[in-house]
Amino acid sequence: MHHLWKRTLLMTGATLLSSGIAYAQTPDLSDPPEIEGDTVGDHGSVTLRMGLGLAESSPQYISSQYFADILDQRSEGRITVNVFPNSQLGDDVQMMEMLQTGTLDMTYPSSSPATSYVEELAVFDLPFLLPTREAAVEAMRSDAAQEMLDAFDGSGIKALAFSENGFRQLSNSAREVSSPEDVAGLDVRGLTIRTMENPVHLAIWEALGANPTPMAFGELFSAMEQGVVDGQENPWSTILTSNFYEVQEYGSETRHVYTPFIKMISERTWDTLDPEYQELIQEAALQAADYEIQLSSEYDDWSRNQLEERGMKITRLSDEQIAAFQEAVQPVYDEWAPRIGEDLVAEFQQIAESSMTE
Ligand code: TK8
């Protein structure tokens, strides 16, 4: 079973023995920042359950443990966070619904399936909009992005902080891809690509001539294993830590979308918490988000190299090749920029441009 080994150590540099080859489990990761700040008063014991989509070796999980450590330390052990990885409590869509009904306290989904709550989040799904991590972080920390978090208020979900899922790359089991034509398959059929449950992503893969199939992340590994879909797109770190490389032969460095994660808590849970606990949770969410972005950046290229070492054929794309993808997805902007809001799109484009000229 592909997930059995995941109980191995998370220590930096821990290794996995698989078919006699020792692979590093993680890159050299920065230590979490020292936990600072006063302890809070005694407002009773609280246990929070947090569900995650990704595996124990992911930045998402490692930073969530740091989040738990901050709360534990600064509440003198009164606030406990139990983290459940690997979509075992549900996928992004289900877990957000569980937050609304109060059957789960916290989750950490991609922004993309959350556009059904706050439409403006779809700006992050526009292809090739945020070309660098610096631009993406500036966008996520902008007032406009804070307004998107605030817009969850009253939905049953309190959105605490943006952090990084990362730059998405295409993988598939059918053929090498270096152009939109390779996706569409001129003489053969178009690739069947699993997408997140998000209309902009559907539009992107339709524009590229693929057969996009929205699907929950937790079902993706077996869908690829059984050939229900040819491929998917996610950051290299996910393709590595969720073992997708075992069932995907080809990877293409498309970087077509930067996807944020959003740390969320159920409003039902939130409303029962003392303001001092609320403030601490909000602060810890931001600190853990910053640490997660750092870890994610350390994972990114390292994961791609690991995938190559493990036998995946990775295609790096030239600027001209990327430009061909950009041109092919132009209809997505024509359709979606007016719906998302031209001003918001222009603001993010401005952030992107200034990050390139710095
Ligand atoms: C994990 C998901 C995932 C996302 C996806 O819960 O669904 O492809 O990129 O990593 O949020």
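This is a predicted model: local features need pLDDT of at least 70, side-chain atom pairs count only at pLDDT 80 or more; totals for chains, interfaces and linings use all residues.
Contact here means heavy atoms within 4.5 Å of each other.

Residues are numbered from 1 along each chain as its sequence is written, and side-chain values use heavy atoms, with hydrogens and water left out.

Let me start with the layout. The domain assignment of the protein chain gives domain 1 (41-165 + 260-308) and domain 2 (169-256 + 311-357). Such bounds come from an automatic or database domain assignment. The C-alpha centres of domain 1 and domain 2 lie 24 Å apart. The contact takes 40 residues from domain 1 and 45 residues from domain 2.

Now the interior. A nonpolar core is a set of buried Ala, Val, Leu, Ile, Met, Phe, Trp, Tyr and Cys residues joined through side-chain atoms within 4.5 Å. Buried means under 20% relative accessible area, exposed over 50%, and partly exposed in between, with a 1.4 Å probe and protein chains only.

The largest nonpolar core has 56 residues. Those with the most contacts inside it include V123, L130, M148 and F348. Helix α12 (residues 330-340) supplies the largest share of this core, five residues. Helices (H or I, at least four residues) and strands (E, at least two) are DSSP runs, numbered from the N terminus. Where does this core lie? Both domain 1 and domain 2 give residues to it, so it lies between them. There is also a second, separate core of 52 residues, which includes F67, Y108, F221 and W302.

Take L130 as an example. Beyond its neighbours within four places in sequence, L130 is in contact with F124, A135, A136, A139, F167, Y258 and F348.

First, the terms. On a 1 Å grid over the protein atoms alone, a cavity is a set of points where a 1.4 Å probe fits but cannot get out; a pocket is an open set with protein on both sides within 12 Å along at least five of seven lines; lining residues have an atom within 4 Å of a point. Grid points are joined across faces, edges and corners, and a volume is the space filled by probe spheres set on the points.

The largest pocket has a volume of about 310 Å³. Its lining includes F128, L130, R255 and D319. By class, that lining has six nonpolar, three polar and three charged residues. The classes are these: Ala, Val, Leu, Ile, Met, Phe, Trp, Tyr, Cys and Pro count as nonpolar, Asp, Glu, Lys and Arg as charged, and the others, Gly among them, as polar. Domain 1 and domain 2 both give residues to the lining of the largest pocket, so it lies between them.

F128 has a positive phi of about 60° although it is not a glycine. It sits in the loop between β5 (106-107) and α3 (133-140). F128 is buried, with a relative accessible area of 18%. R255 has a phi near 45°, also positive in a residue other than glycine. R255 lies in the loop between β11 (250-252) and β12 (258-266). With a relative accessible area of 32%, R255 is partly exposed.

R255 also touches R168. Is R168 buried or exposed? At 0% relative accessibility, R168 counts as buried. R168 lies in the loop between β6 (157-167) and β7 (169-172). Its other contacts, neighbours within four places aside, include R194, M196, E233 and H256.

About 180 Å³ of space lies in the largest cavity. It is lined by 18 residues, and the closest to its centre are D92, S110, R194, M196 and F217. By class, the lining has six nonpolar, seven polar and five charged residues. At least three residues of the lining come from each of domain 1 and domain 2.

Last stop, A174. It is found in the loop between β7 and α5 (180-184). At 40% relative accessibility, A174 counts as partly exposed. A174 and D230 are 56 residues apart in sequence, yet 6.3 Å apart in space, C-alpha to C-alpha. Not counting residues up to four places away in sequence, A174 touches L191 and Y250.
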